[in-house]
Amino acid sequence: MSEPKDKRKFCTPMQETNSPFLPTEEATHKPIRVGFVLLEHFSMMAFTAAVDALVTANLVSPTPLFRFTTYGIDSRTAKSDLGISISTNGWLEPLQTEGDDRLDILIVCGGFRCALSEHPLLTAKLKAAARQKTILGALWNGAVALAYAGLLDGRECALHPDNHAFMNERFAKVKVSKRVLVVENDRATSAGPSSALEMMLLLIKGIQEIQGKNTVRAIREILSCDQAAENRDTELVQITDDPSFPDILRTLLQIMSANIEEPLSVDELSSFAEISRRRIERLFQTHLDTSPSRFYLELRITHARRLLLQGQDSIASIAVASGFVSSTHFSHCFKDYFGLSPSQARQQRSD
């Protein structure tokens, strides 16, 4: 009997966790080209937060989604707010704003000590990019450059609070927002490092249309694991702690997570949680679109994948630690999901 066609497809939460390790497919679309203009004394934290979103989006996708380049103002170097100069891919003068080589997104990266005076060449490049319907963005006080180009007239924008007074005084047609980020149509602005990441996630979600939501969820799975909850709890948030799930489902997931090496049957879960087997099945189907046994298998496979790629234990030991009756059974299940045997996956990771 042949295996079901969706054998390798994890349920949504496990798909997000495992997506960087799943078999890749041939690219069907060209990567979206994103350019960052780094102003002198740009915020390194805001810039890296924005870039991290793009890099992680590529990591969690079967094919590269984005390609980014950096540009200095007058040279191929730019000094950050940390006093560290970094090499850029190019500089402003030869930046292409038309033709096949033009960027899809162009973002100006500002910082606390960035000068707020106009740079005529940057203004010209931004105007030219706008004529080509390029999405334009800004980090920290990079929105000031967009304002000089008249590209925020009649629009709302976000920028660092220290620069609100300057923007209000100098650009009467620009509406300075009290929000930390504003993403509307072909403009995106943010006020600092944290909002820079959120701004990029909104852009990714919008640009990718159908798949954008799943990509953003996968990025958050990786980059937001240490965000403090509203109650200032500093514990890491795991899939078993998803606050959107009913308490009883979270209890069941926590029981499963605590019993990886010796998996429990659905009847045993029913006994521990003091609810019927039928209710357990309905909970998993409603909130995870899968069965309890299928989810439990994926939880164990994910646990095994982490042990396999992050440690040096033998495959047999990992199989036992993940609740598999034999290394052969483990290898078959692993290959069903990841397209590689455990030994091949470990070798590929070390190459």
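Colleague: Is R155 buried, partly exposed or exposed?

Modeller: This is a predicted model, where local features need pLDDT of at least 70, side-chain atom pairs count only at pLDDT 80 or more, and totals for chains, interfaces and linings use all residues. Residues are numbered from 1 along each chain as its sequence is written, and side-chain values use heavy atoms, without hydrogens and water. Buried means under 20% relative accessible area, exposed over 50%, partly exposed in between (1.4 Å probe, protein chains only). R155 has 26% relative accessibility, so R155 is partly exposed.

Colleague: Which residue does the side chain of R155 meet in a salt bridge?

Modeller: A salt bridge puts a side-chain nitrogen of Lys or Arg within 4 Å of a carboxyl oxygen of Asp or Glu. For R155 the N to O distance is 3.2 Å. The partner is D186.

Colleague: How many residues apart in sequence are the parts that D104 and R33 tie together?

Modeller: Their side chains form a salt bridge at 3.5 Å, N to O. D104 lies in the loop between β5 and β6, and R33 in strand β1. Strands (E, at least two residues) and helices (H or I, at least four) are DSSP runs, numbered from the N terminus. The parts tied together are 71 residues apart.

Colleague: What separates R278 and E281 in helix α10?

Modeller: The side chains of R278 and E281 meet in a salt bridge (3.7 Å, N to O). They are 3 residues apart in the helix, so the separation is about one helical turn.
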